[in-house]
Amino acid sequence: MVAAVNHDLLFGAATDKIHSALYKHVLSLKHKHLAVLAKVAVLYVKHQKTVKRSIVALIFLGIIERIHRIVRLMTAERKLAASSGGGKERTRRGAQLDKQFFENMKQLIAIAIPGLFSKETGILVAHTVLLVFRTFLSVVVASLDGQIVSSLVRLQGREFLTGIAKWMAMAVPATLTNSLLNYVQTMLAIRFRQNLTEHVHRMYLANNTYYAVGNLDDRIKNADQLIAVDITKFSNSLAEIYSNLAKPTMDAFVYNIQLAKSLGIESLFGIMVIVQMSSGILRFLAPPFGQLAAQEQRLEGELYSTHSRLIEHAEEIALYRGHETEKQTITHKYLRLVRHINRICRLNVFYNMLEDFVVKYFWGAAGLAACAMPVFAERLPGAKRAVAEALGSAATRSNVGAHTKSFVTNRRLLLSASDAFGRLMYSYKEIIELAGYAERVTGLLTVFGEVSSGKYVKERVGMSAEKSLNPDDAEADIVNQRGETVESLDDVEFIDVPIVSPNGDVLVHKLNFHVKPGRHLLIVGPNGCGKSSMFRILGGLWPVYGGTVRKPSMSQIFYIPQRPYLPIGTLRDQIIYPDCAADMASKSTTDADLLEILKVVQLNHIVEREGGWDSVKAWRDALSGGDKQRIAMARLFYHRPRYAIMDECTSAVSMDIERIMYTHATNLGITLLTVSHRQSLWVYHNYILQYDGQGGYLFSKLDPERRIALMEEKQQIEQELTAIGDMEARLKAMEAEAALY
Ligand SMILES: Nc1ncnc2c1ncn2[C@@H]1O[C@H](COP(=O)(O)OP(=O)(O)OP(=O)(O)O)[C@@H](O)[C@H]1O
């Protein structure tokens, strides 16, 4: 009430009475500067309506200008994105609050909040209700604060105690609301993370995307870290940002309305101008936090993957005694990360100081001045009396207690409003960080989407960008073509299919061969000539760059590598992988059947040794190299596919076990496609595909006996040549030694 009167006196609806009273008072003022001030006040009171209208018009124009600026920014961004250098430019500048940010957020929010009536919307509504309630409580507390201090200066003990009791009563809903807000925010972050992670897992674990991202595409180096860490950070940041934006926005709105009532729209406008200008300066001086956050994540990822490599290859590294080299690599990665974090900390020291100064002290001082204005203005010499005369009883009601109440309430509201603005300022930094996370997560989704539809970005080693664009270049020509894969009932056939590595090396220009069921194929050739690569094309891991691949469905083809994969799970799971226990039951296979299979590969004793079918171990360490290969063969016998790709999968088992395995496989009617250098296996095959390592190959029928004889002859010749070479070398050495004397 008193505040409203003060407001009326200085900025409220002017009456002619007040006007003339003030005017008279001005004429009576002795001090020159006070006279100027009072003249301004009189001028203001006279044109108060126009001033108010101008302020509203200014606010309106300000909003229009903001919208115009956003539209201009979006148009500029669109043009930038359309030009070829747009992506690179953005990468250089880092994450920003631009059109791309809004598009990234739109895409991610659609995944994080799947619908209007989803659980997430419910949590958001609950969150909003709690935020509104908390703001309401803050306003009540501000008024209560003023009331308590006012009763204190008036020495009204009863009112004072009632005020304290009310204050304590407010604590219950206030603390409950705060605690619930924290809970709801955590729930929201978990829901966001769950939805995003499920979405990413669906994309990552479909269409061999997990393979292609690591092998055929260069854009993502550490998908594991992006999925496990970056999605979590983005989800937490998104849940936090809602609270950090919604609450201060609402606070600022509510408190400003309250303040406009008690201080007048003009003072509030003045404060807003100061806030706008100083926050503009702060934004201008802010370091590129988004870019820094994204860079930090990348460096964290590199450190993480170096540690993962150490764990994965611990045995080999330990046997090589490579710990010093590995330590250097890890330390180097760690120091890069630490240097970067230090840089962020240093930038933060300066920026936090500036931010604190502006937000806490500068804005605080402006607020204090605004609160004090009604009090001091009323104490202009003679003003109180002049206005009191004009208004009759108004000024007489004014007293110390009322002043204190309005000052304390206004001060508290202003502090809260300044705190709200401050939090909005701090959240600018958080939004920029969110933009960094959003960019990494949308980048992940984009790469997954493109890779799963066959679009890869990979640096072609030995093939420059210009070369790959040159249509006359034969290799570039092959890489830019597309072949087809046709599902056949029985046969495996390659018709004019080039074998091209992900780096763009053409290993074979046109591969042709045809295998029918029951006709086994042996594949031989020097290292790196493309033997396994042919299987990768057959398995659909590498693209078909030309010709036609005819093959049965993938469920009919089973792959056994040299180093078998052992999944996490029980001993049983090792045999039936990728089936699970339920699949096994649906095939009416029992543990006794599995034991029979293990007997074939002479591994039945491990069931007892390892503690039964249900025992779970780190199988990679628990089993020897030969055991692992025998488990892989047992897996083949459990699945009984139509075709088996055997990629040097018996290199660690003895010849007699290998013989038993091959005999059993052929007896089961499995057609074998084998890569092996062992001549003992030739007898099990009908065709041979021989690579010469120069891009050529020979596909022919295999006569094992003749081949073995030829190979023995060749080996004998090679041994003789080596012996001659050795003898010549020894003679030369002796001659050189003799020359010394
Ligand atoms: N993921 C990959 N990315 C890039 N290049 C690859 C990739 N996998 C294989 N290559 C390259 O393709 C070529 C053929 O590899 P492949 O594994 O088919 O050889 P291989 O004939 O099976 O050799 P080995 O007998 O040594 O196993 C090699 O030069 C290899 O470096």
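This is a guided walk through the structure shown above, from the whole chain down to single residues. Keep in mind as you go that the model is predicted.

Let us begin with the whole protein. Its secondary structure comes to 28 helices and 10 strands. Of its 741 residues, 29% are buried. Among contacts between residues at least 6 apart in sequence, 77% join residues at least 24 apart.

Now find the sheet. It is an open sheet of six strands, and reading across it gives the order β6-β7-β8-β4-β9-β10, with mixed pairing. At the edges sit β6 (557-560) and β10 (697-701), each of which pairs on one side only. If you compare neighbouring strands of this sheet, they are turned by 15° against each other on average, direction ignored.

Strand β7 covers residues 643-647, runs parallel to β6 and is joined to β6 by four bridges. One place to look for this pairing is Ile557, which stands opposite Tyr643 in β7. The next step takes you from β7 to β8, again a parallel pair, with five bridges between them. Here Ala644 has Leu672 in β8 as its bridge partner. To get from β7 to β8, the chain passes through helix α27 (residues 655-667), and this β-α-β crossover is right-handed.

Is β8 enclosed or open to the outside? Five of its five residues are buried, so the strand is largely enclosed by the rest of the structure.

Helix α20 (residues 531-538) lies across β4 (521-524), β6, β7, β8 (671-675) and β9 (687-691), and it runs at about 150° to β7. Helix α26 (residues 625-639) lies across β6 and β7, running at about 170° to β6.

The buried ones are Lys531, Ser533, Met534, Phe535, Ile537 and Leu538. After the helix comes Gly540, whose phi is positive, near 80°.

Helix α20 also takes us to the ligand. Which element gives the largest share of the shell around the ligand? That element is α20, with three residues. In total there are 13 residues around the ligand, and those that come nearest are Ser501, Asn527, Lys531, Ser532 and Ser533. By type, the shell divides into three nonpolar, nine polar and one charged residue.

Finally, let us visit some details of the backbone. Tyr577 and Pro578 are joined by a cis peptide bond, with omega at about 5°. You will find Pro578 in the loop between α21 (571-576) and α22 (581-586).

Two other residues have a positive phi although neither is a glycine: Asn207, at about 50°, and Arg640, at about 45°. Asn207 has its place in the loop between α8 (157-204) and α9 (209-215). Arg640 is found in the loop between α26 and β7. How do their surroundings look? Asn207 is partly exposed, because 15 other C-beta atoms lie within 10 Å. Arg640 has 12 other C-beta atoms within 10 Å, so it counts as exposed.

Our last stop is Asp224, in helix α10 (residues 223-263). With 15 C-beta neighbours inside 10 Å, Asp224 counts as partly exposed.

Definitions and conventions. Residues numbered from 1 in each chain as written. Predicted model: local features only at pLDDT ≥ 70, side-chain atom pairs only at ≥ 80, totals over all residues. Pairing = 2+ DSSP bridges. Helix = DSSP H or I, 4+ residues; strand = E, 2+ residues; numbered from the N terminus. Axes fitted to C-alpha atoms, helices over the stretch in contact; angles between N-to-C directions. Contact = placed C-beta atoms within 7 Å. Buried ≥ 20, exposed ≤ 12 C-beta atoms within 10 Å, placed from the backbone. Right-handed = clockwise from strand over helix to strand, strands pointing away. Near = placed C-beta within 6 Å. Nonpolar A, V, L, I, M, F, W, Y, C, P; charged D, E, K, R; others polar.
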